[in-house]
Amino acid sequence: MLSIPLVLLVAVLSCVLTFAISRYFYTRRLKDMRLVTDALSKGDFKGRLNMSASDEWGDLARGINQMSEEFQKKIRQIIADKDQLKAILSSMVEGVIIVS
């Protein structure tokens, strides 16, 4: 028969081990998300999160990836529009007067 102190020791060790493992995985996911979102805030839209989990973490990662793709599309469109306007305005020979 196992003694009570041994059972308690095994229970405490298993709790500590479970806590350490879960903390590692959650911390790693949060660090990955932080790195990608920091890059997004600096204008780097290439970073993606590779989380295929079907839980809330996976949903959040897919949302961040989708947001990054949408930002990238919008910025490309804005740049294309700006370049088009620049080309139109630079090709005008006559002056333009804006009356408001």
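First, a caution. The model is predicted.

Let's start with the overall make-up. The protein has two helices and zero strands. Helix 1 covers 4–41. Helix 2 takes in residues 56–91.

Now the overall shape. Along the principal axes, the C-alpha atoms fill a box of roughly 100 × 25 × 20 Å. The radius of gyration is 27 Å.

What about burial? Of the 100 residues, 14% are buried. The accessible surface comes to about 8,600 Å². Carbon and sulfur atoms account for 65% of that surface.

Next, contacts. Take those with a separation of 6 or more. Of these, 42% join residues 24 or more positions apart.

On to helix 2. How far apart are its end C-alpha atoms? They are 52 Å apart. Helix 2 has 36 residues, so at 1.5 Å a residue it should span 52 Å, and the two values agree.

Look at where helix 2 begins. Asp55 caps its N-terminal end. A side-chain oxygen of Asp55 lies 3.2 Å from the backbone nitrogen of Trp57.

Trp57 comes up again. Which residues of helix 2 are buried? They are Trp57, Gly58, Ala61, Ile64, Asn65 and Ser68. Here is a rule to hold against that list. An α-helix has 3.6 residues a turn, so residues three or four places apart point the same way.

And what covers those buried residues? The cover includes helix 1.

That's the tour. Thank you.

Conventions. Residues are numbered from 1 along each chain as its sequence is written. This is a predicted model: local features need pLDDT of at least 70, side-chain atom pairs count only at pLDDT 80 or more; totals for chains, interfaces and linings use all residues. Side-chain values use heavy atoms; hydrogens and water are left out. Helices (H or I, at least four residues) and strands (E, at least two) are DSSP runs, numbered from the N terminus. The expected span of a helix is 1.5 Å times one less than its number of residues. Buried means under 20% relative accessible area, exposed over 50%, partly exposed in between (1.4 Å probe, protein chains only). Contact means heavy atoms within 4.5 Å. A polar contact is a pair of N or O atoms within 3.5 Å; within protein, one must be able to donate a hydrogen and the other to accept it, and residues adjacent in sequence count only if both atoms are side-chain atoms. The radius of gyration is taken over C-alpha atoms; the globule rule is 2.2 Å times the number of residues to the power 0.38. Accessible areas come from the Shrake-Rupley method with a 1.4 Å probe; for residues, only the protein chains shown count as cover.
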